[in-house]
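Subject: Structure for your review

Dear colleague,

Please find the structure below, with its sequence. My notes on it follow.

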Amino acid sequence: MNLFDVYPIYTIEPVRAQGSYVWDTEGNKYLDLYGGHAVISIGHAHPHYVAKLTDQLNKIGFYSNSVKISLQEELAQKLGELSGYENYSLFLCNSGAEANENALKLASFHNGRKKVIAFSKAFHGRTAGAVAITDNKTIIAPVNATDHVQFLPFNDEAALEQAMNEEICAVIIEGIQGVGGVNVASESFLQKARQLCDTYGAVLILDSVQCGYGRSGKFFSHQYAGIDPDLITTAKGMGNGFPIGGVLIHPKFKAVHGMLGTTFGGNHLACAAGIAVLDVIKEENLMANAKQTGAYLSEQLKSLPGVKEVRGRGLMIGIELEEPADTLRKKLLFEHHIFTGASGKYTIRLLPSLALKQEDADLFLESFGKIVSAKTLV
Ligand SMILES: Cc1ncc(COP(=O)(O)O)c(C=O)c1O
């Protein structure tokens with residue numbers, strides 16, 4: 001059987017990883033500034049994470065949501081404490097798309113409406129509801145197309161004000177757009193969205209799947225704006241590689257048995273991974289590190305030739321180049337052994353572990369500087 005060929009891939013195969021580094025089949029070492037797409041939050045193979053998962057696997061790996069699973073409660077308690085959302089509830093699922101799908105359902109159950117406002121360049125996942133609120137026609141199959149969704153320009157307060165009315169079920173915003181190019185939702189835009197949702201009885205959903213879990217330097221990037229969303233979705237960094245997602249739910253939502261559900265969501269292994277991640281973020285002060293190392297990297301990058309703009313917060317960084325990013329990324333990977341991500345044609349996206357050290361940042365800056373300076377001399 002062949003694999004269904006939907007991913008354009010690099011031929012490099014990482015087979016071992018530690019901290020911010022991975023090694024390929026030939027033993028070559030790579031600096032990982034991509035974090036497996038914002039997933040590796042506390043670093044590869046962190047000893048506490050490995051111990052927690054191994055220990056849990058030796059006890060019990062899975063049982064269904066028809067029984068008490070204390071690990072879910074421990075995870076919720078620790079997440080509430082570290083994120084500052086202690087009075088919210090947690091629904092556990094398996095991925096970012098699923099988290100958004102459940103958030104949409106909760107919003108719609110709550111106010112009985114179905115129209116959703118999403119934004120230009122938004123990415124919310126590939127399941128039916130999540131892809132319908134994603135601004136990319138090429139991945140919306142006819143079966144997923146709907147006229148319930150209205151796309152507005154990102155960060156446009158006037159457009160949002162004009163579009164809001166009592167038929168709107170939910171407004172969904174990425175605190176920092178990832179796939180769309182590392183665009184930060186402005187503080188006043190988020191505050192305006194909060195105010196308009198309150199006025200019209202709509203549900204404000206903050207998709208924090210990519211920008212959450214400490215990546216921005218705060219637990220959730222919207223906390224820079226001082227707003228509290230009604231629903232917050234999370235995944236990626238939540239499990240440091242183990243599939244887990246969640247919805248943080250404001251106390252005004254009433255849970256009813258059977259309204260949401262999943263077979264695998266909140267299983268023992270996923271919870272053990274999620275707890276280990278929260279332990280390490282707290283113990284090692286990784287939010288502060290993301291803020292500091294991210295600010296350092298961003299500042300240094302701004303002065304390099306060929307860099308048009310540096311966007312983002314903490315360790316979610318978009319480097320917009322004057323020329324297409326592909327050649328530079330390939331040079332970084334194949335000549336300097338550094339993994340990076342991309343957003344569109346011109347933007348390099350950095351999503352490293354939150355434990356990235358300044359010396360690793362310097363290694364990247366040196367390699368980046370060498371490539372772009374050599375280019376300008378030609
Ligand atoms: C902001 C955002 N939301 C949702 C998703 C979907 O997450 P998943 O791939 O885990 O379904 C992604 C994935 O990249 C994302 O960046």
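How many of the 16 residues of α4 are buried? Twelve are, so α4 is largely enclosed by the rest of the structure. A residue is called buried if 20 or more other C-beta atoms lie within 10 Å of its own, exposed if 12 or fewer, and partly exposed in between, with C-beta atoms placed from the backbone. Helices (H or I, at least four residues) and strands (E, at least two) are DSSP runs, numbered from the N terminus.

Please note that this is a predicted model, in which local features need pLDDT of at least 70 and side-chain atom pairs count only at pLDDT 80 or more, while totals for chains, interfaces and linings use all residues. Residues are numbered from 1 along each chain as its sequence is written.

Helix α4 covers residues 96-111. Its buried residues include G96, E98, N102, L106 and H110. The end C-alpha atoms of α4 are 23 Å apart, which agrees with the 22 Å that its 16 residues should span at 1.5 Å a residue; the expected span is 1.5 Å times one less than the number of residues. Just after α4, G112 has a positive phi of about 70°.

In helix α10 (residues 326-334), the buried residues are L328, R329 and L332. They lie on the same side of α10, because they cover an arc of only 100° around the axis; the arc is that of the directions from the helix axis to the C-beta atoms. Exposed residues T327, K330 and F334 sit on the face of α10 turned away from its buried side.

The domain assignment divides the protein chain into domain 1 (14-43 + 286-377) and domain 2 (47-283); such bounds come from an automatic or database assignment. Over C-alpha atoms, the centres of domain 1 and domain 2 are 26 Å apart. Their contact takes 24 residues from domain 1 and 26 residues from domain 2, where two residues are in contact if their C-beta atoms, placed from the backbone, lie within 7 Å. On the side of domain 1 that touches domain 2, α9 gives the most, with five residues.

Finally, β1-β2-β3-β15 is the order of a four-stranded open sheet with mixed pairing; strands pair if DSSP finds at least two bridges between them. β1 (14-18) and β15 (338-339) stand at the edges with a single partner strand each, so one side of each is left without a neighbour in the sheet. Strands β2 (residues 21-24) and β3 (residues 29-32) run antiparallel and are joined by three bridges; W23 has K29 in β3 as its bridge partner.

Kind regards
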